[in-house]
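I opened the model today and kept short notes as I went. The entries follow the order in which I looked things up.

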Amino acid sequence: MSEQLKSAEIDVSTIYADVSDWHVNAGGAKVTAKRMAGRFRRLKWFTMSVWLVFFLGPYLRWNGKQAVLFDIPGRQFNFFDITIYPQDIWMLSLTLLFFAILLAAVTSIAGRVFCGYFCFQTVWTDVYTFIETRLEGDTPQKAMKFKNAPLSANKISRITVKHTLWLAIALLTGVSFAAWFTDAYQLWYDYFHLQASLAAWIVLGMFTVGTYVFAGFMREQVCFWLCPYARLQGVMYDQDTVLPAYDAERGEPRGKLKKAALDSNKGSCIDCKVCVAVCPTGIDIRKGQQEGCITCGMCIDACDSIMDKTNQPRGLIRYASYKELHQKAETAPLYKRPRVLIYSSILMMALSGVGYGFATLSTTEFQVIHNREPLFVMLSDGSIQNRYTLKMLNKTPENIEVQYGINGLEGATLHGVDDSVIIESGKVVPLQVLVRVPSEQVDESLKHLTFTAEVVSNPDISVEYHSIFMGPK
Ligand code: SF4
Ligand code: SF4
């Protein structure tokens, strides 16, 4: 490459001055990353906005109640019109399985995009450092100058504002988390009037301290040293996984620009270290894939801007697979990658299971248990008696009135139960009942009968249960 650049097009001193004292982080120091505009930066702001659901979701009302509520004391999960009870918890398990496998599938396709764009640790850290750089300087030099400056009213007020904002976000995070588990509006009232439950205060305290310390002080240290996913991600990669990567063949041998000229004996990398400076975990992507890389693409934006300034094509750092960079082969399409196909199959199975669960979710559940001790009793008039436990679960939002009955066994009569029974919303009412049958009807040791539970106000949700009747013959 032999290309003399016009001095008006490039200011070499600015490129290098910005990050002149930057160092590569090996996980031992807190990083304040330089912020640069670019398409991946814009994408990150967009994906981060998904977290607004976390803050605003609990205030959504549906039919006069909180639309989404994990009601632990009531042992139910409310999702708009749907209420899931512990009996249907398998659907939540399948939903969790779906998201776990989705994470694995996305990682095998595009690396740790969850870390780079969605993870609460990186998102909160990004917001905290955004506040910090606005108040204390948006370049390393300005930040260092601020840090070393003598205490003044201006410095104290800036530090105070920073920590106040950090604490406000941490508190809001704590309240928002707790609000998914109780009535959100009532929770605010209870906090302000110091009437919140002990559990609500503990959640608030844990999340406030955790957010403030993790996002404000530990930052990328959490990714380096605490997060298990950073250790696991390697097993989900293959040679077709697309990751931010440095094209060493094009970039090396690297060398600093001299007098605004590109050296024909050097590669495209002008060793400006801007890619290191913008990295939220402070690593040098030019050294290859490292566990500190959260696949955020900030270094791509940074390097593209340098390529623009030096009139070189973009893409020295880009999303590319190992195959593309090192074997000059095309990345395999998704449908030809066994790992992706296996993950997709599990995803489909989990999704089908959840879909089936929602489609067949009943509003009442009726169970009849035949008591075994004794199996039957012969009464003085010769009739045979069996004992049963009836359990009716009301999953509707209202109380229901239920009338129990039996059919399918001639001469059988039901005893020990009132004409109708009121079952409160979300409750199970267990009942001990007796069934008597004249002895001449019990010509076998085992007969079949059906218990019915008719809901007076809504016969459509009435249910029945097939059971057995035991006799001596
Ligand atoms: S190396 Fe690039 S993609 Fe990886 S974390 Fe740093 S800035 Fe993000
Ligand atoms: S890879 Fe790009 S941003 Fe990084 S040092 Fe080289 S030229 Fe600069």
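**Notebook: loops, ligand shells and a helix pair**

Asn63 counts as exposed, because I find 8 C-beta neighbours inside 10 Å and the cut-off for exposed is 12 or fewer. I note that this is a predicted model. Asn63 sits in the loop between β2 (61-62) and β3 (65-66). I checked its backbone next. The phi of Asn63 is positive, about 50°, although the residue is not a glycine.

I then turned to Leu194. Leu194 also has a positive phi, about 55°, and is not a glycine. I placed Leu194 in the loop between α9 (184-192) and α10 (198-218). Is Leu194 buried or exposed? It is exposed, because 7 other C-beta atoms lie within 10 Å.

**Arg75**

I looked up Arg75 in the loop between β4 (68-71) and β5 (76-79). Arg75 has 11 C-beta neighbours inside 10 Å, so I log it as exposed. Which residues does Arg75 touch, not counting those up to four places away in sequence? I find Tyr85 and Pro86. I also took the separation from Arg75 to Val354. Their C-alpha atoms are 20 Å apart, and the two residues are 279 residues apart along the chain.

**Cis peptide bonds**

I went through omega. Glu252 and Pro253 are joined by a cis peptide bond, with omega about -5°. Pro253 belongs to the loop between α13 (248-251) and β8 (261-262). I have another cis bond from Glu373 to Pro374, where omega is near 0°. Pro374 lies in the loop between β10 (364-370) and β11 (377-378).

**Helices α6 and α8**

I record the angle between the axes and the distance between them, since two packed helices are described by these. Helix α6 covers residues 120-136 and helix α8 covers residues 153-179. Their axes come within 10 Å and cross at roughly 165°. That makes α6 roughly antiparallel to α8, because angles over 145 degrees count that way. I noted the hand of the crossing too: α6 and α8 cross right-handed.

Which residues make the contact? From α6 I list Val127, Tyr128, Ile131, Glu132, Leu135 and Glu136. From α8 I list Arg158, Val161, Lys162, Leu165, Trp166 and Ile169. Sorting the residues of this α6 and α8 contact by class, I get 8 nonpolar, no polar and 4 charged.

**Ligand 1**

I counted 14 residues around ligand 1. Pro244, Cys279, Cys293, Cys296 and Cys299 come nearest. By class, the shell of ligand 1 holds 11 nonpolar and 3 polar residues. I found no charged residues in that shell.

I set the two shells side by side to close the page.

Key:
Residues numbered from 1 in each chain as written. Chains lettered and ligands numbered in written order. Predicted model: local features only at pLDDT ≥ 70, side-chain atom pairs only at ≥ 80, totals over all residues. Helix = DSSP H or I, 4+ residues; strand = E, 2+ residues; numbered from the N terminus. Buried ≥ 20, exposed ≤ 12 C-beta atoms within 10 Å, placed from the backbone. Contact = placed C-beta atoms within 7 Å. Near = placed C-beta within 6 Å. Nonpolar A, V, L, I, M, F, W, Y, C, P; charged D, E, K, R; others polar. Axes fitted to C-alpha atoms, helices over the stretch in contact; angles between N-to-C directions. Parallel < 35°, antiparallel > 145°, perpendicular 65-115°, else oblique. Left-handed = near helix turned anticlockwise from the far one by under 90°.
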